[in-house]
Amino acid sequence: MRRAVITASATAAGVVLLLSLKPHDPSTAAAISSSPAVGGSKSSAGPTPSPSASSTAASGGARTVTGSAINTRYGPVQVRVTLDGSAISKIDVIQYPNRDRRDQEINSYAVPELNQEAMAAQSAHIDVVSGATYTSDGYTRSLQSALDQAAKK
C-alpha cells in the first residue's frame, strides 16, 4: 500500500513537471557574425522579418544570400552568407535559439565553432557541435539552402 502511494505521488509530480515545460518562443533570436578577419564577433542585428531565403548583391562582386529559417526544437536557426565569387567570405548567423541561459550558454560556443568549421570547409558539410545538435542541424540546413540559392544565380 505504501509503495502504491509513493508511486502515485512520484507519477503525479512527474506529470506536473512535464506539463510545466514550455516550448521556446521562435520569435526570440540573435545574431552572430563570422568572417576570416573578425572571426565570431557578435552583431546587434535582430531577426530577419522573412523566414524565406533571399539574395542581395554588394559592391565588388561580393553577394549576400540569406538561407531559409530552419525551425528546430528550441527555435529557428538562419544564416546569411557573403560570397566573393564562389568562395564564402563571411557567415552571419541571424537567428539562433537564445531564449534562456542554457540556450545562450550552448550557442555562445556552438555558433562560432560552426562558423569556423563552415569557413574552413567552404561548405555546409561540417561536423555537428557536441551538445548543440539541434542548432548544428538548423545551421547546416540553412547554410545549404543559402548555398543552393547562390548556385542558381
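Predicted model: local features only at pLDDT ≥ 70, side-chain atom pairs only at ≥ 80, totals over all residues.
User: How many bridges join strand E6 to strand E7?

Analyst: Helices (H or I, at least four residues) and strands (E, at least two) are DSSP runs, numbered from the N terminus. Two strands pair if DSSP finds at least two bridges between them. Here, E6 (residues 75–84) and E7 (residues 87–95) run antiparallel and are joined by seven bridges. Across that pairing, Arg 80 stands opposite Asp 92 in E7.

User: And which residue in the turn has a positive phi?

Analyst: That is Gly 85, with a phi of about 75°. The turn belongs to the hairpin of E6 and E7, which has two residues between the strands.

User: Which strand pairs with E6 over five bridges?

Analyst: Strand E4 does, again in the antiparallel sense. Ala 62 stands opposite Asp 84 in E6.

User: Is Thr 66 buried or exposed?

Analyst: Buried means under 20% relative accessible area, exposed over 50%, and partly exposed in between (1.4 Å probe, protein chains only). Thr 66 lies in strand E4 and is buried because its relative accessible area is 6%. Strand E4 (residues 62–66) is mostly covered, with four of its five residues buried. For contrast, look at Lys 90 in strand E7: its relative accessibility is 30%, so Lys 90 counts as partly exposed.

User: What joins the side chains of Thr 66 and Arg 80?

Analyst: A polar contact of 3.4 Å. The term covers a pair of N or O atoms within 3.5 Å; within protein, one must be able to donate a hydrogen and the other to accept it, and residues adjacent in sequence count only if both atoms are side-chain atoms.

User: Which residues touch the most other members of the largest nonpolar core?

Analyst: A nonpolar core is a set of buried Ala, Val, Leu, Ile, Met, Phe, Trp, Tyr and Cys residues joined through side-chain atoms within 4.5 Å. The largest one has 24 residues, and those touching the most other members are Val 79, Val 81, Leu 83, Ile 88, Ile 91, Tyr 139 and Leu 143. E6, E7, helix H2 (101–121) and helix H3 (133–152) each supply at least two residues of this core, and H2 gives the largest share, six residues.

Terms used. Residues numbered from 1 in each chain as written. Heavy atoms only, no water.
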